[in-house]
Amino acid sequence: MAEAIGKRVLDKGWLAARSTEVDLTGVELTTTNPPSSDQSPWMEALIPGTVLATLVKNKLVPDPFYGLENESIIDIADSGREHYTFWFFTTFECSLSTNSYVELNFRAINYSAEVYLNGHKEVLPKGMFRRHSIDVTEFLNSSGENLLAVLVYPPDHPGTIPPEGGQGGDHEIGKDVAAQYVEGWDWMAPIRDRNTGIWDEVSLSFTGPVKIVDPHLVSSFFDDYKRAYLHTTVELVNKSNLAADCSLNIQVGTELEGNLILVEHLQTQKLSIPAGSHVQYTLPELFFYKPDLWWPNGMGKQSLYNVEITVDVEDHGESDSWSEHFGFRKIESDIDTTTGGRLFKVNGEPIFIRGGNWILSDGLLRLSKKRYKTDIKFHADMNFNMIRCWGGGLAERPEFYHYCDIYGLLVWQEFWITGDVDGRGVPVSNPDGPLDHDLFLLCARDTVKLLRNHPSLALWVGGNEQVPPDDINTALKNDLQLHPYFETNFKSNKNFMKEISPILKDPSEYLDGTRIYVQGSMWDGFANGQGDFTDGPYEIQNPENFFKDDFYMYGFNPEVGSVGMPVAATIRATMPPEGWQIPLFKKLASGYVEEVANPIWVYHKYIPYSKPGLVHDQILLYGTPKDLDDFCLKAQLVNYIQYRALLEGWTSRMWTKYTGVLIWKTQNPWTGLRGQFYDHLHDQTAGFYGCRCAAEPIHVQLNLATYFIEVVNTTSKELSDVAIEASVWDLEGACPYYEVFDTLTIPSKTTISTSEIKYPNSDNAKPVYFLLLKLYKKSDDNKKIISRNFYWLHLPGGDYKLLEPYKSNKIPLKIMSLTFIKGSSYEVKMHIQNTSSNNGDFVDREKGQSWFRKILKNFSKKGSDVKVTEIGGAQSGVAFFLHFSVHASEKDEKKGEDTRILPVHYSDNYFSLVPGEVMAVTLNFEAPEGVTPRVLINGWNYEGGVTVSLA
């Protein structure tokens with residue numbers, strides 16, 4: 001049967017071998033002497049992937065992310081490029097009908113390659129960020145097996161790694177158009193093969209005589225978003241030697257349940273394409289009245305339409321088809337006159353940016369839809385609304401953008417320039433950027449065409465802490481100029497449109513035209529706007545400093561970073577026992593403490609929890625840790641406080657001082673120990689949940705510098721008739737302070753300061769205490785909580801050491817769980833109650849009990865499926881710092897192995913409950929085949945953890 005129109009991905013059955021170990025030519029490999037998997041030196045290859053990823057997969061080199069194993073892998077600077085020059089081989093079958101055409105597509109390779117198909121040779125030119133398509137119709141064996149071999153060469157300038165390391169090694173990689181992180185950074189060890197390989201999708205595309213290329217979809221809006229138009233321009237290639245009379249069809253619909261499409265528009269245009277020609281065709285615009293808009297995370301729904309374009313050729317039928325999700329939205333950006341920071345608007349609404357810097361999903365480019373989905377959902381779970389794709393990393397892949405579209409993450413996409421590699425250092429590195437400026441621009445333009453239809457893509461940026469060379473920068477400014485519809489001063493009324501429409505080019509005819517280009521990450525509304533390295537800082541801070549007037553002086557900080565210690569289980573899973581040694585705490589004459597980490601932690605770029613001269617060790621505030629588990633638990637306490645305070649400090653000055661902040665960084669592409677909210681194994685730190693708390697759209701918080709309660713409303717609606725409940729709890733379980741502040745009104749997109757918490761100044765204030773803030777709607781009979789925020793605090797000049805003996809307090813808990821299983825997918829709904837009695841004057845406990853009774857009634861309808869776990873305890877008080885984890889059941893455990901099931905999406909974690917309080921938590925995860933999961937609850941008062949009954 002002939003192949004259907006469409007794409008077939010070639011991601012299975014690949015083999016690989018080092019070129020120096022193969023005596024055959026590409027012609028011989030793809031004609032008379034094809035290799036087999038049992039034939040040395042051939043091995044199973046990871047495609048997409050890199051040479052090093054394939055070697056790791058076959059255990060020919062150790063895992064470079066484990067301990068110090070990366071040091072045992074030979075670097076390309078020492079081995080020579082030929083050591084990492086590899087053959088990749090696969091076979092496929094296909095059958096063609098008359099007047100059908102086939103192209104072999106490589107969405108990206110690094111860095112250049114020779115392609116052999118059935119003895120025919122093609123060369124893939126240099127450049128890591130460009131697509132390659134080869135018409136292979138004439139080379140195919142359409143009735144049998146086809147042999148494909150690809151010889152991939154490393155970057156031309158892989159560079160060397162200086163003994164002292166450094167940002168981008170010796171900077172030689174910057175001479176190529178490639179990812180620059182591969183020579184190592186202050187958060188990353190060097191990648192030994194410099195990511196050589198077929199690192200993105202390989203596919204075959206089957207068409208008739210006319211092919212669709214790179215459609216461009218643009219939405220424009222008028223009359224306050226009531227009227228919208230979809231603009232479409234496509235490139236059409238007639239591959240035949242005859243003129244083609246075509247019907248070009250566009251269909252726009254919305255997806256319903258059961259894979260059904262509700263068609264909202266269907267249009268057909270007739271055209272004729274000359275033989276062998278490549279034409280650009282702009283379709284008549286499609287009108288929509290009040291379409292469902294795409295909104296960023298926290299602002300509304302991520303509405304997506306399905307757009308399908310097909311071309312039918314007379315006397316042939318359907319020749320090609322293309323489809324993609326599309327979101328109606330408009331992004332505007334300008335420099336805010338109040339703060340000097342860059343201001344973003346989506347669909348006319350200002351959005352306060354709270355997000356993070358992203359390097360890439362995996363340092364060996366083991367990229368997958370599944371991993372991308374987890375990565376992006378984690379960012380949405382933290383209530384973030386923007387991800388910055390840093391310039392030393394990748395032009396991110398369409399799958400990355402797909403999930404940003406789904407979960408509402410705006411994306412700042414940077415091109416491949418960094419200040420460290422392109423313009424500074426000793427000696428000065430690559431002052432004129434990459435050697436081949438034309439290649440850079442070719443890759444940039446191709447990247448724009450690859451990604452421009454995604455609604456999540458918010459802006460293009462020329463480079464990290466650097467501006468591209470003048471000719472590249474000028475070309476990018478020109479190529480990426482805005483269409484007048486998308487300029488901030490555009491008037492979208494009917495009369496203006498009548499005047500201007502006849503003279504405007506259709507916006508879909510631009511390369512992009514819908515989103516801004518900014519020349520560098522510290523220019524034009526970012527940092528001080530002048531490129532003077534005014535981002536940062538990148539280390540531990542006193543939490544109250546984030547709220548102070550002198551902390552950061554510019555409106556939008558593109559990089560501010562801090563600590564990122566993972567949980568102890570991750571350290572054990574990624575390091576040998578000598579890496580389990582916690583730092584030594586060296587007391588200095590100044591009274592500060594310097595942390596001295598073990599060599600493995602240093603190699604993995606550990607950031608200390610102290611900064612002598614400025615910040616006392618934040619872990620030691622809880623007492624000296626006794627072992628790895630204790631250290632990591634206390635580090636999680638610090639992680640939570642540090643990152644919650646960072647975001648709360650920024651939102652405290654929303655629009656008055658700041659327009660946004662991006663944290664450096666959200667994750668690591670390897671097993672690093674700095675700047676992360678989840679580790680490379682996909683386990684979250686407590687900082688993840690500190691961010692989730694602080695970045696919620698409506699939020700109640702404590703200003704740690706003034707001790708005034710603040711309410712943040714980032715939504716487009718006024719918040720009225722609300723009240724704040726504040727309660728203080730001591731370590732004896734008493735509630736010595738309780739107050740309700742009402743009636744409050746919080747305008748849209750505003751932070752207000754309400755009342756001061758005066759407990760710390762009272763005569764009987766305890767040295768360590770807990771503060772619970774709840775924001776709720778007064779008119780709601782159930783007093784539904786809009787925002788909840790729990791703090792542990794000490795008096796000025798004090799510490800948290802009294803929490804250490806508090807560990808011995810056994811606080812009773814009751815956990816009700818209901819588990820839903822669909823195949824390997826689990827959803828576990830938990831309700832956790834602190835059942836200890838209240839020893840103080842807290843008057844809100846009955847409300848909690850009433851809520852719990854309603855939950856119990858609802859759960860009771862489920863019958864015997866509800867499981868109850870009770871944890872006994874004789875003391876009253878706060879159940880402190882509770883956190884769930886999911887593991888293989890004890891019968892499935894193997895001694896010494898990491899038992900965690902990862903990733904898990906928790907609706908909340910690392911939380912605390914006051915006496916009588918109830919919290920609902922939902923867990924979602926996939927269990928490995930044949931493994932029965934168990935849920936463990938740990939906490940400050942529950943050392944060793946308790947298994948929660950699921951079945």
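**View A. Asp214 lies within strand 11 (residues 210–222).** The model is a predicted one, in which local features need pLDDT of at least 70 and side-chain atom pairs count only at pLDDT 80 or more, whereas totals for chains, interfaces and linings use all residues. Residues are numbered from 1 along each chain as its sequence is written, and side-chain values use heavy atoms, with hydrogens and water left out. Strands (E, at least two residues) and helices (H or I, at least four residues) are DSSP runs, numbered from the N terminus. Although Asp214 is not a glycine, its phi is positive, about 45°. Most residues other than glycine have a negative phi. Asp214 counts as buried because its relative accessibility is 17%; buried means under 20% relative accessible area, exposed over 50%, and partly exposed in between (1.4 Å probe, protein chains only). Asp224, in the loop between strand 11 and strand 12 (227–238), also is not a glycine and has a positive phi, of about 55°. Asp224 is exposed, since its relative accessible area is 61%.

**View B. A cis peptide bond joins Asn110 and Tyr111, and another cis peptide bond joins Asp742 and Thr743.** Most peptide bonds are trans. For the bond between Asn110 and Tyr111, omega is about 20°. Tyr111 belongs to the loop between strand 5 (101–106) and strand 6 (112–117). For the bond between Asp742 and Thr743, omega is about -10°. Thr743 is part of strand 33 (residues 737–746).

**View C. Helix 4 (residues 369–381) packs against helix 5 at an angle of about 35°.** The axes of the two helices are 9 Å apart; axes are lines fitted to C-alpha atoms, for helices over the stretch in contact, and angles run from 0 to 180 degrees between N-to-C directions. Helix 4 has 13 residues and should span 18 Å at 1.5 Å a residue, which agrees with the 18 Å between its end C-alpha atoms. The expected span is 1.5 Å times one less than the number of residues. Helix 4 passes helix 5 in a right-handed crossing; a crossing is left-handed if the near helix is turned anticlockwise from the far one by less than a right angle, and right-handed if clockwise. Helix 4 contributes Lys369, Tyr372, Lys373, Ile376, Lys377 and Ala380 to the contact, and helix 5 contributes Glu399, Phe400, Tyr403, Cys404 and Tyr407. Contact means heavy atoms within 4.5 Å. Just after helix 4, Asn383 has a positive phi of about 65°.

**View D. Helix 5 is largely enclosed by the rest of the structure, because eight of its ten residues are buried.** These buried residues are Pro398, Glu399, Phe400, Tyr401, Tyr403, Cys404, Asp405 and Tyr407. Their cover includes helix 4, strand 21, strand 22, strand 23 (410–414), helix 6 (437–451) and strand 24 (457–461). Gly408 follows helix 5 and has a positive phi, near 80°.

**View E. Helix 11 and helix 12 pack with their axes 7 Å apart, at an angle of about 30°.** Helix 11 is therefore roughly parallel to helix 12; angles under 35 degrees count as roughly parallel, over 145 as roughly antiparallel, 65 to 115 as roughly perpendicular and the rest as oblique. The crossing of helix 11 past helix 12 is right-handed. Residues of helix 11 in this contact include Tyr640, Tyr643 and Leu647, and those of helix 12 include Ala686, Tyr689 and Cys693.

**View F. Gln701 is situated in strand 30 (residues 698–702).** With 0% relative accessibility, Gln701 counts as buried. Its side chain reaches the backbone oxygen of Glu648 at 3.1 Å. A polar contact of 3.4 Å also links the side chains of Gln701 and Thr651; a polar contact is a pair of N or O atoms within 3.5 Å, and within protein one must be able to donate a hydrogen and the other to accept it, while residues adjacent in sequence count only if both atoms are side-chain atoms. Leaving aside neighbours within four places in sequence, the contacts of Gln701 include Phe547, Ser652, Phe708 and Tyr791.

**View G. His604 occupies the loop between helix 10 (599–603) and helix 11 (628–652).** His604 counts as buried, at 0% relative accessibility. Beyond its neighbours within four places in sequence, His604 is in contact with Phe65, Gly67, Met575, Trp670, Thr671, Gly672 and Leu673.
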